[in-house]
Structures are given as structure tokens and as C-alpha cells.
2 protein chains.
Amino acid sequence: MAVTIYDIAREANVSIATVSKVINNSGRISSPTRDRVHKVIDELDYRPNLLASAMTSKRTYTAGILIPDIGNPFYPDVIRGVEDFARQNNYSVLLCNTDDNLEKQLEYVELLKQKSVDGIIVAAVAASPERLIETLGDSLPTVVLARRIKDPNQQITFPSVVVDNFRGGYLATKHLIENGHSKISLLGESLHIESSQERMRGCIQALEEHFLALHSVEFCTRNLGFEGGYNATINLLKKTSPPTAIFADTDLLAFGGMKAAKELGYRVPDDISFIGFDNTALCTIVDPPLSSIAQPMYELGQRTMEILIGKISGLSVPELTVLDISLVERQSVKRITDV
Amino acid sequence: MAVTIYDIAREANVSIATVSKVINNSGRISSPTRDRVHKVIDELDYRPNLLASAMTSKRTYTAGILIPDIGNPFYPDVIRGVEDFARQNNYSVLLCNTDDNLEKQLEYVELLKQKSVDGIIVAAVAASPERLIETLGDSLPTVVLARRIKDPNQQITFPSVVVDNFRGGYLATKHLIENGHSKISLLGESLHIESSQERMRGCIQALEEHFLALHSVEFCTRNLGFEGGYNATINLLKKTSPPTAIFADTDLLAFGGMKAAKELGYRVPDDISFIGFDNTALCTIVDPPLSSIAQPMYELGQRTMEILIGKISGLSVPELTVLDISLVERQSVKRITDV
DNA sequence: GCAATTCGGGTTAGCGCTTACTCTTGATTT
DNA sequence: AAATCAAGAGTAAGCGCTAACCCGAATTGC
């Protein structure tokens, strides 16, 4: 069997309590004793069994993270941020893909509870989280990522970390306007998604500040990705008055849009400009490289984990953290000089 | 506090042993007793504490997975496969990004051991795994994904699940040949990577079967991604005799290559054809859509987890599992008719 | 009809730690 | 010099389970 705290105690001629104290740097131990114990620990290559430790101390140093689907290019960076911050604080993270399915979410929360995780990160949870809130309860530290959960009863609130989607929409549109565009259309994901709504609001705000109106709008129907963007853009461009620039809710949508435009004989960006959202790695790969609004995804993950650990440790944490967003210019937006 | 097995025992008028037996479906319990216990469990909404359970049963139903970086588009699907299979078997997975850094790998293995995981999946481990093997030891069930670990001392071997890279290289090249190409160049990742070597071997084999030779080769130097592909392709095309088709080790490399080709005035696929490897989601997004060799990434993850659980359960498992590969045709390869 | 099983369950000893509490000394206070 | 106290270490009670073992009663075999 593996070496236990008893082995160390015996070899160092102390009690297991003493060994425990030197390991956890608690209680009072004289330095000779401390050194002796450390020496034996090194000699026997002892590693405390974290399971046993968790049994008594009630801390597993493990957190769970619920995300819709790791296949969505939005998440890998976020997760990386979460995991890096976790590791730096001796935490591990249990990954749970829920496909935005309530049953799976509930199942996972129960499982994580049974595994006694110290806390949970809930990313991009569905619109009606009543049951999720209920099973989460108020005893398990939870932080919400990229969404806000509003409990209808105001019973329980969770700290959330989000990105300023409104400002993102604003920046994107302003960039288009500053490049001389006035016929600006919105290629939206869905009006049922909060972030999508916010981006649209930002877009409209920028437009209004310049006494402009949205030229046209199109939302995705079935598919919310590349294909959806393709189809919606076809609609946008086939209208009697097509736009000169399109602000897409998502890079993926923009990619689909660019494909549609090209197929309809438009040159990008000469005939039509595009700007995306998310600044995924793919932006540099497509032709032309897509200008996009960058979300600090890695930082999003990091901050969320930081807040979670804070909450676990009993610190008071901010109820809402809004991360800033920025414009990354590439070659998909053309300056229009003629009026 | 949460309800424990003692509460159930008391309410159901049985001993905790009996409760444990009905939970785990072990031992002999009469159906009246079983029903009574179940009823109380439901009433009190009891969930066994898996930590405590693991202490005695020595099974945590948790596995660790070491990957280089979740940001690499190769992994999300793999992980999804791992996680889905895990969940179906009551397992959870602890995600560990190692950046291919030996120190991080060792650290994580130690941590996972301390957390008493039942097994570990090691994905795409570095070339010289001696120290990793050493810390893994032979007591912790381990399965290697997308690599084979050859222990120089033949002391310990790990089951591995890989993809038939040789056949992939062969298929890609054959596809090019069948489309009339004879000036075929290889855009390789690195000769230090086993999969890269295998793909090249397959490529050469296909060529030889048609009495052809590799037209030229170029490997990446600093950057192994988009940029590396871009630079290497510039070299390839600036030679006195440029190829008519390029087989890239990786989709990302092919994307970089396509960009380089376009910039040098080539039309893709009219002047030069490209075929990639990995069949990432991006293939449909670029222009033209990239033909590629598809690896069954999800299945790769699934099978690996299946084998790991098998090993944990003491079953005998295959030492080597090779998954098949297939060609996905899109529009980046042009048929050449003139000789 | 009596020994041998089987059935249905209970007792109890841990798993490897943490922690509240206790005890012994030697130093400090007054 | 008696009382007080802090430092340094030990004792022991769990944490919530599992599993080996035990035991009486019912069932079986011959």
C-alpha cells in the first residue's frame, strides 16, 4: 500500500496529529520537529491522500464546470482560463457538457454535489433556470459565467461574470459608421438569447447617435452557425436595397455571410463589409481576414474561477463583474468615401 | 447537515449495512426490506456521499485526462467523446492541460494520484516519456490516446488508441494522384512527431505505387500552425518547379498554405490543389472548402474511455486499437486532365 | 428428524485524514 | 514562591461509508 500519515509519524517519532500539523502548517510545531517530519516525508515520498483529507476538512479542492458543449469554439479558451487559475490555487476542475439540456444539468449538479465539489461554475445556462437554482441550493458556492441568472423569487442570487455585449455591439457598429457606412444591416443569432439582444441594442444605440437607422435585420432560423449565417445573408442581400455593411452577432455567422455574399457576386470587402463578434482564431484564416469584436475569453474563465474560489473561501465577492471588449481590425471592412 | 446513511437506517429500522447493501445492490436483502429502505431514501432525498464511499471501496469513479491544450481544435471532440462515455458509466473526468510540458505533466499525475482517480488518459504525450512512465507507475490504470508510448525497458506498456495515420497519408495522396496530379508536394508539421512521420510514409507509399516520387517537401520551423503553413508554402511555391498539389499534414497548415498560394497569385484549386488532415469544422468555412482526411475524433475519445474503464474493472483490454480514417471531398482539389 | 445450507440481516473494524481537546513543561508574573 | 500562561506535542473522536464476518431462523437433503 501507499505510505500514510502513520508511517511518517512512526518514522519521525511523533504523533499523526503532529504530522498533520506540519503538512497543513497549522498549530504550533517547533522547527526541529518540523524539519524532522519534513525529512521523513521526503525520504518516504509521502503524498497525503486528498480523499481522506477531504472527508474531515470538508474541502475537496475540486470544482465543477457546466458548459453547453466544448465543441463550441467559444469555450476552449474560457475553460483554459478556468483551469489555469484553478491549478494555480491547487484546484482541479471536473468538466461537464450539458448540451443546454436541463435534465443533464440537474443530473450533473447532483453528481457534483455527491462528489462534494467545493463549488460550481455554470456557463451560459438556459433562459429559465428555476429548477437549476433549486437543485443548486444556497449551500453550494456557484458562479455564473457569460449569463446572469435572475431568480424570480429573489431568493438566491449568484455572482456572475459577463462581457459587455452592449458595448460590443456599439463598437462594431461605430466602426462601420466611421468607415463611411450608412446602410448597415444586422445579422443576428436569435432574439431569445440575452447576449444577442444586448448586441443589437448596442448597435442601434450607435446608429442613433449618428442619426441613422438599422438598414435591415435578419435572424437565424434553424441553424445558428455557419449555415444560418449563410441563409440569413442571402435574404439580406436579395432585398431591393442591400446593405453596404453587415454586423454579425457571431464570427461563425459572418463566415457564412461572407460565403453567401461571394456566391452572389459581391466582393468582400469592396462591395460589402463584414464585422463579426468573438474574434475566434478562425478570423485570421478566412479570406479576407475578418474584423471582429474580441471578448476576453481566457480572462472570463480566470475571473470566474477567481470569484468562485473567493466565495468558497468565504470572502465577499462582487455580484457582477463586467469584462471589457475590444475591436480587432482586419481586412473585412472597407472605407467608403463617396456619399 | 446532509442526510447520511445513518438517518436512512434509523428511519427504516435497519442497520447501515443493510442500507449500504440496497444502495449497491449487493448481499441478500428481502424485497420488503429493500422497498422500505428505498422508500425512506426517496422521502429523505438521500444521496450517498461518494467521497466516503470511495474511501472504503477504493473507487472514485473519476478519471483524469492529460491533454496538451484544449485550445487545439483537435481536442474538443475527443474530450466530448471521453466525457460522454464516462458519464454513461457514472464516471467524471478531471481536465488537465499540460502544454506538452513535462513538469506540468508530472505535477498533474501526482495530483491525480493524490485525488485517487481510478485511471488516467494521456493524450499526445511528448516523445521521451521515461519520467512520465516512471511517475505513472504500474498501479494506476492508464490509456494512451493518439500516441504510442514505447517504454525503452519494456517494463510497462500502456494500451493505446490511435488513428491510422499511415493510411491517412496514403488516402490523401492517392486522391491527388487519381485526380491526375503528379507534382505532389508535402507540407509537413515536423519530423519529430510520430503522426507526421506516418502520414509522410503513407504519402510516399501511394506515390511509389504509381511510380511517382515526392515533388518536394517542406516542414514547419517555428510555428506549427497557420503561420507555419503559410511560410512553408511560400518556400514550396517559390522553387523553380512548383507542385500542382499539396498534401498538408494538418488543416491548419493547409489554410496557411492556401493563403500563401493566393497571395502569390495562384488560384485555388485551379492552379494548385490542397488537401488537409483532421477534417476540422473550419474546412467548410474557408474558400474554397478544404478536402481533408477525417479522423474519428469523437470515437477516439469514446474508445479510449471505454478501454480505460475496462482496465479499471480488471478486464483484459487490447494493447493497440487503430481507428479508421476517411477522405472527405470538398472543393480544394481540381482534376487535371492534360498530361 | 437432524445436520447442513441458505437467507436475511446485524456488528464492527477500518479507509487516512483533521481537529477539538488535553497534558506536560518551562517561562513569566506578581 | 505560588500562580499563570503559552509553547509544543499527544489523544481520540469522528467524517460517511464498505465489507468481512457473524448469527439466528428458515429451509433443505437424505
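Student: How many salt bridges does a search of the whole structure find over all chains?

Tutor: The model is a predicted one, and in it the search finds 41 salt bridges over all chains.

One of the pairs to consider is B:D99 with A:R80, whose closest N and O atoms are 2.7 Å apart in a salt bridge. On the side of chain A that touches chain B, the elements giving two or more residues are α4, α5 (75-88), β2 (92-97), α6 (102-114) and α11 (251-263) of chain A. That side of chain A comprises 23 nonpolar, nine polar and twelve charged residues. In terms of contacts, 44 residues of chain A meet 44 residues of chain B. About 4,200 Å² is buried between the two chains, and carbon and sulfur atoms give 58% of that area. Polar contacts between chain A and chain B amount to 28 residue pairs, counting pairs with both residues at pLDDT 80 or more.

A network of salt bridges links A:D69, A:D99, A:K104, B:R80 and B:D84. Within chain A, the side chains of A:D99 and A:K104 meet in a salt bridge with an N to O distance of 2.8 Å. The two partners can be set side by side. A:D99 has a relative accessible area of 37% and is therefore partly exposed, whereas A:K104, at 17%, counts as buried because the limit for that class is under 20%.

Another pair in chain A is A:D324 with A:R167, where the closest N and O atoms of the salt bridge are 2.6 Å apart. A:D324 lies in the loop between β11 (320-323) and β12 (326-328) of chain A, while A:R167 belongs to helix α8 (residues 165-178) of chain A, so the pair ties together parts that are 157 residues apart in sequence. As for accessibility, A:D324 is partly exposed at 48%, and A:R167 is partly exposed at 32%.

The side chains of B:R303 and B:E299 form a salt bridge, at 3.6 Å from N to O. Both residues lie in helix α12 (residues 297-312) of chain B, four residues apart, which is about one turn of the helix. B:R303 has a relative accessible area of 28% and is partly exposed; B:E299 is also partly exposed, at 33%.

Charged side chains also take part in the contacts with DNA, to which the account now turns. DNA strand C is surrounded by 27 residues, and the closest are A:S20, B:T18, B:S30, B:T33 and B:T56. Of the atoms of DNA strand C that come within 4 Å of the protein, sugar and phosphate account for 64%. B:K21, by contrast, places a polar side-chain atom 2.9 Å from a base oxygen of DNA strand C. Two or more residues are given to the surface near DNA strand C by α1 (5-12), α2 (16-24) and α4 (50-57) of chain A, together with α2 (16-24) and α4 (50-57) of chain B. The classes on this surface are twelve nonpolar, twelve polar and three charged residues.

DNA strand D has 28 residues around it, of which A:T18, A:R28, A:T33, A:T56 and B:S20 come nearest. Sugar or phosphate supplies 67% of the atoms of DNA strand D within 4 Å of the protein, and bases supply the rest. A backbone N or O atom of B:N49 lies 3.3 Å from a phosphate oxygen of DNA strand D. The elements giving two or more residues to this surface are α2 and α4 of chain A with α1 (5-12), α2 and α4 of chain B. Among these elements, α4(B) gives the most, with five residues. By class, the surface near DNA strand D has twelve nonpolar, 13 polar and three charged residues.

Methods. Residues numbered from 1 in each chain as written. Chains lettered and ligands numbered in written order. Predicted model: local features only at pLDDT ≥ 70, side-chain atom pairs only at ≥ 80, totals over all residues. Heavy atoms only, no water. Near = heavy atom within 4 Å. Polar contact = N/O pair within 3.5 Å; in protein donor to acceptor, adjacent residues only side chain to side chain. Nonpolar A, V, L, I, M, F, W, Y, C, P; charged D, E, K, R; others polar. Contact = heavy atoms within 4.5 Å. Buried area = accessible area lost by both parts, 1.4 Å probe. Salt bridge = Lys/Arg side-chain N within 4 Å of Asp/Glu carboxyl O. Buried < 20%, exposed > 50% of the residue type's maximum accessible area, 1.4 Å probe, protein only.
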